Amino acid sequence: MSSHHRRKDRLERMTSLSLKNWQSATGPDAMRLKQDAVVDMGWGRIIFGHTFQSNAALVDTICQEGAGQRDITFYLRDPHVLLSMGPDKLFMDPSHTYRLWFHDYRPGRERWPAFSIRRLSTEKDTEAINRIYRSRKMVAADPGFYLDRNTSRLRTCLVAEDLNSHHIIGTVTGLDHVKAFNDPENGTSLWSLAVDAQANAPGVGEALVRHLTEHYMARGRSYIDLSVMHDNVEAIALYEKLGFQRVPVFCIKRKNQINAPFFTTAQPEDKLNPYARIITDEARRRGIRVDVIDEVHNYFKLMHAGRSVVCRESLTELTSAIAMSRCDDKRLTHRLLRAAGLNVPRQFTASPQNPEANAAIIEELKRVVVKPARGEQGNGISVDVRSPEALDKAIAWAGQFCPDVIIESYIQGEDLRLIVIDHKVVAAAVRRPPAIVGTGRQRISELIEKYNRRRASATDGESRIPLDDETRRCIRQAGYGMDDVVPAEEKIQVRKTANLHTGGTIEDVTDTVHPELIEAAEQAAAVLDIPVTGLDMIVPNLEGPGYVIIEANERPGLANHEPQPTAERFVDLLFPQTATAK
């Protein structure tokens, strides 16, 4: 770049109206600038504060926010003055603004063979985008809004599509400021970057940002701005890697129920984990009192109209000690379900002192599952064990969690979790073991580290792949070691269990499950006489009748099944007088 261009670039930055937003536009810029500019984004409006000549008019516009929307007011001239004019209505968003000047941008050399980036084009795309938004606690939009072709030059909505499954795994929306308000600075902005927490492929967020940036560079624009929460460390690291720099631009938002966590005092239940919090949030929404008993172990009490119920996540006083023991001991669960005529795997008691007897079992079954007789969250479970040597190690590992160890026949198929509340199936989801996709450059350990950052961010730290002997066993079974580089596009399953706490992912399939599977789950809940349970099945076909029940969970995670109404049905069970018509 010549010295003349460098001087020009520095001058642009020094005189940038959007960065010196306390000054009103003058001269030709003032004539060009569209006044009182507002752009509807479907989930809310972007209000360009520096295009308003009157703070009073700006406050009035902010206060016209629609129900269920989340507006953002950007490029504020006098944020402190606006707050003083509506302290009961407005708050300063705890976000940072970053800018990438396009003359500083350096194209990446990375290639992403596992997915492609394209424009949103179908109604199915819009449904997928809203699913990702909801999973990330973002506001969804009317699907019809996205397909409005008349505004495609104003907004650019991109999606990342997995080339194998053809699922949408990420999205981002860009806004052209020239089209929005005749921007004299020739700028753009990035909004609503979101990546599916279930995506295996690395680099989805970076690819979306780069694609949008290069799209606007091709249009001849000068920069791109974005707003990111101050504590979103992973996103900030990505933006800074790409050359974004923090700039003194602030956002103001309307005080509403969606934004309440940003301007209200933290409630005691905010320290609970997501599986407890989804219940307490629904209870508070109905006016039910919540008292936290122990936030470390997620105990709380719900009280309403003279009735109180103590809960530990989804386990309550309504579950008897007998029912809990029936689920807790996998041997008892197996016997009861088998006696009721339900399908279960073959099961044997492991003998640590008699390896010959164990070897005879694997000789007969060929492939087995080893698990503690008591336990949860996938601890101590080894799946698809194929040799006597691996079996001995699996039994020893399971014995660290419970002295009694069982061996079961390995069943191939989809891992299906059904949530049964008040003896009715409320939700069904396929759980899949964690897998990584090779890039041809990064070691398996690095890919797992990236995968864990994404999963932990999406689940409040509840889901990550353990770097333990079981993970190493699964990687060795695939023919690799932790320090090996996997060829591009090759997918490796790094655990055989689909448990979310060990990095597994989940996909809602409530609407497609075969009626026989629903009937079997409800019958199992009745046999165990338990009001709330998660039944785990292995099924050859989600839309077919075949199944094998492998476990019953007395404390299933309801937060894993959004958008299904698991928390609503749970609170209905506890306080039926607060239930609304279904």
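In this predicted model, helix H11 meets helix H12 through Ser 325, Arg 326, Cys 327 and Asp 328. Their partners in H12 are Lys 330, Leu 332, Thr 333 and Leu 336. The residues of this contact divide into three nonpolar, two polar and three charged. H11 spans residues 321–328 and H12 spans residues 330–339. The two helices pack at an angle of about 95 degrees, with their axes 5 Å apart. H11 is therefore roughly perpendicular to H12, since angles of 65 to 115 degrees count as such.

Nonpolar side chains tend to be buried together in soluble globular proteins. The largest nonpolar core here has 32 residues. Trp 43, Ile 46, Phe 48, Leu 175 and Trp 191 have the most contacts inside this core. Elements that give two or more residues include strands E2 (45–48), E3 (72–74), E7 (155–162) and E8 (168–176). Helix H7 (177–181) is also among them. Helix H5 provides the largest share, four residues. Among the residues that Trp 43 touches are Ile 72, Tyr 133, Val 139 and Trp 191. Trp 43 also touches Gln 69, Arg 70 and Ser 192. A second, separate core of 31 residues includes Leu 100, Ala 199, Leu 208 and Val 437.

Helix H9 (residues 233–241) buries Ala 235, Ile 236, Leu 238 and Tyr 239. Seen down the helix axis, these residues fall within an arc of 160 degrees, so they line one face of H9. Val 233 and Lys 241 are exposed on the other side. The cover over the buried residues of H9 includes strands E5 (95–101), E9 (187–195) and E10 (223–229), together with helix H8 (204–218). Gly 243 follows H9 and has a positive phi, near 105 degrees.

Methods
Residues numbered from 1 in each chain as written. Predicted model: local features only at pLDDT ≥ 70, side-chain atom pairs only at ≥ 80, totals over all residues. Heavy atoms only, no water. Buried < 20%, exposed > 50% of the residue type's maximum accessible area, 1.4 Å probe, protein only. Arc of directions from axis to C-beta. Contact = heavy atoms within 4.5 Å. Axes fitted to C-alpha atoms, helices over the stretch in contact; angles between N-to-C directions. Parallel < 35°, antiparallel > 145°, perpendicular 65-115°, else oblique. Nonpolar A, V, L, I, M, F, W, Y, C, P; charged D, E, K, R; others polar. Core = buried A, V, L, I, M, F, W, Y, C linked by side-chain atoms within 4.5 Å. Lists of a residue's contacts leave out its neighbours within four places in sequence.
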